[in-house]
Every structure is written in C-alpha cells, then in structure tokens.
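Subject: Structure handover

Hi,

Here is the structure for you to look through. Please open it first, then read my notes below.

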Amino acid sequence: MTSQNQEALKQTRQQVLAQTQMLQNLIPPTVSYTTEGNVLIIGPEDLARLAADKLSTMTQRVILANEAITNQDEDHLERVMAAATDVESYYNKLIGVKGFLGQFQVSVEHENGAAELSVVSIRKPHFDIVLDLSSTACLNLEMLPPGYFYVGQDAAKLDDALAQIPDFIGQFDKPRYVKINADLCAHDRNGINGCNRCLNFCPADAISSVAKKIEIDPYLCHGAGSCSSACPTGAISYDLPTPQALYSYLNKVVSRFREQAQTAPVILFHDNAIGADFITENLAGDIIPVGLEEITVASIDHWLSVLAWGARQVLILNTDATAPTLTQMLKGELSLANSILDEMGQPQRISLIDPSMLNDLSSMLDISLDWPVIVPAALASTTKRNTLFEAIDHLNSQAGEIDTCLSLNNIPFGKVSVNVEKCTLCMSCVAICPTVALQDGGDKPALYFIEQNCVQCGLCEAACPEKVISLIPQINFDKTVRQQQHTLKEEAPFECIRCGSAFATQSMVHRMLDMVGAHSAFSANIERLKMCGDCRVKDMFEDILQDPEKQLR
C-alpha cells in the first residue's frame with residue numbers, strides 16, 4: 001500500500017475515533033479507601049531502615065525484619081544505624097498478610113501464639129500501607145492489592161515507591177469495575193455446586209465463594225475483566241464500560257470506518273496503561289486501536305461480533321505487564337474462537353500479539369485480505385450469549401453455512417443427554433437449571449431442552465436423583481436445531497385407579513412399585529401406590545372404619 005493511501009487511512013481513522021465516543025456511566029459506582037499514613041516496611045533490616053528514613057513524613061513507620069542484613073560493609077552499617085532512629089524494628093516470624101490500602105492485617109508469631117503486628121506496634125487494628133523489600137513477595141498474587149508495594153531489592157522500583165507512598169494519606173476512590181446478578185449465576189443452586197469458571201481466573205484473588213454465592217471484593221478488584229469474560233451466563237458483567245456500551249462503540253467504529261474508507265478495518269485491543277504506550281502514529285492506517293482497562297475486558301463475544309460487523313481481523317496486544325493468569329485465559333478463548341472460524345472454513349483471524357510485532361504486521365494480516373465480511377451483520381447486541389451466537393451464525397452464513405457440531409472439552413456450550421429408560425420425569429433438573437435450558441411440559445409429563453441456553457454448568461447432572469443425565473460439550477452450527485425446543489422425554493400421565501385424575505408420571509409410579517411395593521408396609525395395600533393423595537387417604541380411613549382394631553393388631 002502506498003504511503004499516500006496510508007496517510008488517507010490514518011486521517012480516516014482519526015476522524016472516526018474523534019466522532020465516536022464510548023458511553024460511560026456519568027456517576028460510576030465507587031469504593032473508598034481511607035488511610036492515616038501508617039506504613040509497615042518488611043524486609044532485611046538494613047534496607048528497611050534506610051527506606052523508613054526516607055519516609056519520615058508518614059504518620060507512623062514500623063519495620064518487620066524478616067531477612068538477614070544484605071551488606072556488612074562498615075560504611076553501610078553506619079548509615080543504617082543513623083537512619084530512622086525513632087523507628088522500632090520487630091523480628092517476629094511473619095504468618096501472613098491480607099487486606100488492601102488502609103486495611104492491611106499482618107499476622108506474626110507472638111508469645112507462643114499469633115497477633116496482629118499493628119496492634120502490638122502502633123495500637124491500631126491495621127496498617128495503611130505495606131512496603132515489601134523481601135527477596136520474595138509476602139503476598140503471592142499476580143495483581144497486588146492497592147497500597148501494597150513490592151519492590152524486592154530493585155532500586156528503581158524502590159525509588160518509585162518512595163515517591164508514591166507519601167501521597168497515600170487521606171481518602172481515595174476507585175471504580176467498582178464489575179457487578180453480579182445472582183439470579184443468573186450458575187455457581188450454586190439448592191446447595192449443589194455447579195459453575196466455577198470465574199473462580200479460576202482472577203489474578204487479584206478478589207473472587208470467592210461465600211455461603212455458596214459468588215462474591216467479588218471491590219477493594220481487591222483491579223478490573224481485569226477475566227471474571228466477566230469467563231462467566232457463561234452473563235451473571236458477572238463489566239461496568240466500565242458496560243457490555244452494551246462496548247458493543248455499541250465497536251459496531252460504530254467498524255461501520256463508520258468501512259463507510260468512510262471503503263475498506264474493512266483491523267481492530268487492535270490494548271490496555272490503557274502499558275499497551276497504550278506502544279500505539280504510535282506508525283500504526284498502519286487500517287488498524288483501529290481500542291483501549292480498555294485490561295485486554296481481557298473484551299472476550300470472544302466481542303471478537304466475533306467485530307468480525308461480523310465487518311472488520312477483517314482482530315488483534316490483541318499482550319505485554320509483559322499482563323498477569324500470567326490472564327494470558328492463559330486469553331489463549332484458551334483465542335483457541336476456541338479460531339476453532340469456530342476454522343470449522344466454518346474461515347482463516348484464523350483473531351491473534352494475540354506482543355509489542356515487538358507492531359512494527360511489521362503485514363504478514364499476519366495477509367491471511368484476512370480475502371476474507372473481509374462481504375455483508376456486515378445487522379445484529380443488535382442483547383445478552384452476551386445471544387450476541388455471540390448471532391455473530392457465529394452471521395459469520396457462518398458468509399462462509400460455508402455448515403450445520404455440523406464442533407466437539408471440544410471444557411466449554412460452556414453443548415447439550416444434555418438423558419437416559420429415557422431410567423428417567424422418571426421428577427423435574428429436579430428443571431428446578432435447578434439457571435438458564436432455562438431445561439423446561440417442563442406444564443400439565444403434560446415432559447422434559448424439554450434448548451441447546452443454545454445450556455452453559456454446561458453441571459447442576460442438572462448433579463441434581464438428578466436417578467443419575468441419568470450427562471453433558472455433551474459442543475458448538476452446534478445448525479441455528480435452527482440449536483434454538484428449537486427439543487423433547488428429551490414425554491409420556492402419558494398415570495391416572496388414579498380410584499378417581500381417574502392424573503397425579504404422577506407413569507415412570508414415577510412404576511419406579512415406586514419396583515422400589516417399595518414388595519416392602520411389608522405396602523404389600524397388603526399395594527394398590528394405594530396407584531392412587532392420588534386424596535384417594536389414598538380416603539382408602540386408609542375406609543379401611544379403619546370397617547375394622548377399627550386392625551391398626552392395633
């Protein structure tokens with residue numbers, strides 16, 4: 001492409017980005033941190049004391065010496081002895097650190113037991129800030145909580161931390177990045193464990209199961225977005241931006257660029273912190289950068305929707321700052337997305353790249369030159385799941401229009417299989433299904449299933465008393481079959497032998513007869529198992545009235 005064409009595309013990109021704004025909540029929900037400036041410095045005593053000396057403006061300073069002195073040089077030791085002479089050192093063995101800015105609890109061994117170091121040292125229930133100079137971080141998290149500065153023995157990181165810490169006195173607000181709709185959550189129903197996908201991917205350890213409900217600690221949350229990406233039902237949704245705001249923005253950016261440049265763009269997702277620094281004017285004109293809090297805020301539904309709306313390719317910029325857990329999750333989602341494209345006969349047009357690749361993307365983008373979507377989709381984003389399937393169906397219609405099923409392990413898509421010979425239609429599975437994928441027949445004994453709704457959470461399988469349900473993970477490209485209501489089992493109702501009213505399923509009554517019919521308590525009155533509740537009671541009292549002493553014999 002000539003430099004003149006590139007400049008024209010860059011101007012078009014600039015115009016499109018200038019005229020397209022991502023809608024944000026004008027008054028976003030926030031959480032507040034309050035600190036008094038009490039700082040704990042953990043590490044070798046010599047380094048900790050020198051650091052404490054440079055934090056003289058802090059309200060209170062405490063040293064927890066957990067490692068040997070790093071340098072025995074006399075000049076070094078003299079400087080250490082003269083530094084922070086009013087700061088006390090503690091040598092207790094560290095048990096653990098937890099909390100966040102303004103609320104750090106540090107447990108140590110104390111007098112043959114355990115104690116909170118803040119209570120022992122400064123008579124406070126917590127520390128506000130922790131500066132960790134240990135060789136290994138005392139908190140083993142990929143994303144450390146606000147107010148916890150791990151610098152190890154890196155001089156540059158230490159200087160940066162010492163410059164920041166004095167500013168952390170007062171009250172600070174942070175957005176609540178995600179929200180939970182418990183009604184949609186498939187984690188636990190009726191005491192039965194189901195979906196745990198969000199618990200596996202939080203690099204800040206902000207997600208936990210409390211009283212069998214998913215909770216996100218907003219004080220620990222960094223807004224990584226991995227939980228909302230992993231959630232198959234949409235119970236966890238990102239709030240800055242909201243799913244609808246991001247869908248709308250991407251749709252407008254792609255559509256406007258196609259209209260004005262008469263060519264299909266490439267969408268490049270990057271984070272607003274580190275990744276944004278790599279986005280320069282040298283970026284090819286047909287590549288549109290989209291900045292997010294973290295790259296995992298956009299997931300497979302956004303990627304495939306972007307392609308369906310008319311982009312020719314999707315790139316995701318991954319930097320060294322991305323937590324390993326997020327990278328692992330991204331690779332799994334990318335593999336699934338590209339498997340979907342591959343199955344329908346399209347090239348694998350979604351790629352994870354690193355900053356070194358930005359200088360020359362031509363070879364990577366060549367694969368999509370012949371595959372821009374000819375007719376952009378008019379799909380309107382609704383729920384996460386429906387939007388994803390609408391994008392898949394549109395892309396499939398532009399390719400091979402296949403009607404096959406792609407079988408993959410550990411995906412939140414698929415169907416339910418039922419052993420109809422053993423199923424009694426007790427409807428335990430229907431009662432526990434969080435997405436209404438399983439439905440009853442109303443007045444008719446029947447079990448129905450809609451594949452598109454199934455998230456493979458396993459609740460129905462675990463709840464089934466007969467253990468006749470199994471899950472089959474797959475992506476069904478036949479839209480009609482996937483969306484229609486299928487009959488898994490139906491049968492005629494069992495009618496009361498006395499009054500003729502339907503009161504149970506045939507299989508349920510036959511199961512009762514098989515299980516308890518031969519028992520001595522029922523053998524003399526086996527016919528009562530074939531009666532409805534009212535008739536059974538009437539029959540019992542008629543028996544007593546005819547022979548009042550029968551119950552005593």
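Is the crossing of H2 and H3 left-handed or right-handed? The crossing of H2 and H3 is left-handed. The term left-handed applies if the near helix is turned anticlockwise from the far one by less than a right angle, and right-handed applies if clockwise.

Before going on, some ground rules. This is a predicted model, where local features need pLDDT of at least 70, side-chain atom pairs count only at pLDDT 80 or more, and totals for chains, interfaces and linings use all residues. Residues are numbered from 1 along each chain as its sequence is written, and side-chain values use heavy atoms, with hydrogens and water left out.

**The helix pair**

Helix H2 covers residues 45-53 and helix H3 covers residues 74-82. Their axes lie 8 Å apart and pack at an angle of about 50 degrees. That makes H2 oblique to H3. (Under 35 degrees is roughly parallel, over 145 roughly antiparallel, 65 to 115 roughly perpendicular, and the rest oblique.) Axes are lines fitted to C-alpha atoms, for helices over the stretch in contact, and angles run from 0 to 180 degrees between N-to-C directions. Helices (H or I, at least four residues) and strands (E, at least two) are DSSP runs, numbered from the N terminus.

**The antiparallel sheet**

Three strands form an open sheet in the order E5-E6-E7, with antiparallel pairing. Two strands pair if DSSP finds at least two bridges between them. Strands E5 (94-98) and E7 (113-116) are the edge strands, and each pairs on one side only. Neighbouring strands here are turned by 20 degrees against each other on average, direction ignored.

Look at Ser107. In E6, Ser107 is the bridge partner of Gly96. Ser107 also stands opposite Glu116 in E7. Four bridges link E5 and E6, and four link E6 (residues 105-110) and E7.

Now the turns. The E5 and E6 hairpin has six residues between the strands, and Gly99 in the turn has a positive phi of about 120 degrees. The E6 and E7 hairpin has two residues between the strands, and Glu111 takes a positive phi near 50 degrees.

**The parallel sheet**

Four strands form another open sheet, in the order E18-E17-E19-E20, with parallel pairing. Strands E18 (287-292) and E20 (350-353) stand at the edges with a single partner strand each, so one side of each is left without a neighbour in the sheet. The twist averages 25 degrees from one strand to the next. E17 (residues 266-271) and E19 (residues 313-317) are joined by four bridges. Leu268 has Leu315 in E19 as its bridge partner.

**The pockets**

Which residues lie nearest the centre of the largest pocket? They are Arg197, Glu333, Asn410, Ile411 and Pro412, out of 27 lining residues. (On a 1 Å grid over the protein atoms alone, a pocket is an open set of points where a 1.4 Å probe fits, with protein on both sides within 12 Å along at least five of seven lines; lining residues have an atom within 4 Å of a point.) The largest pocket has a volume of about 540 Å³. H9 gives the largest share of its lining, seven residues. The lining divides into 13 nonpolar, nine polar and five charged residues.

The second largest pocket holds about 470 Å³ of space. A volume is the space filled by probe spheres set on the grid points, which are joined across faces, edges and corners. Among its 17 lining residues, Met143, His222, Ala273, Glu294 and Ala321 are the closest to its centre.

Ala, Val, Leu, Ile, Met, Phe, Trp, Tyr, Cys and Pro count as nonpolar, Asp, Glu, Lys and Arg as charged, and the others, Gly among them, as polar.

Best wishes
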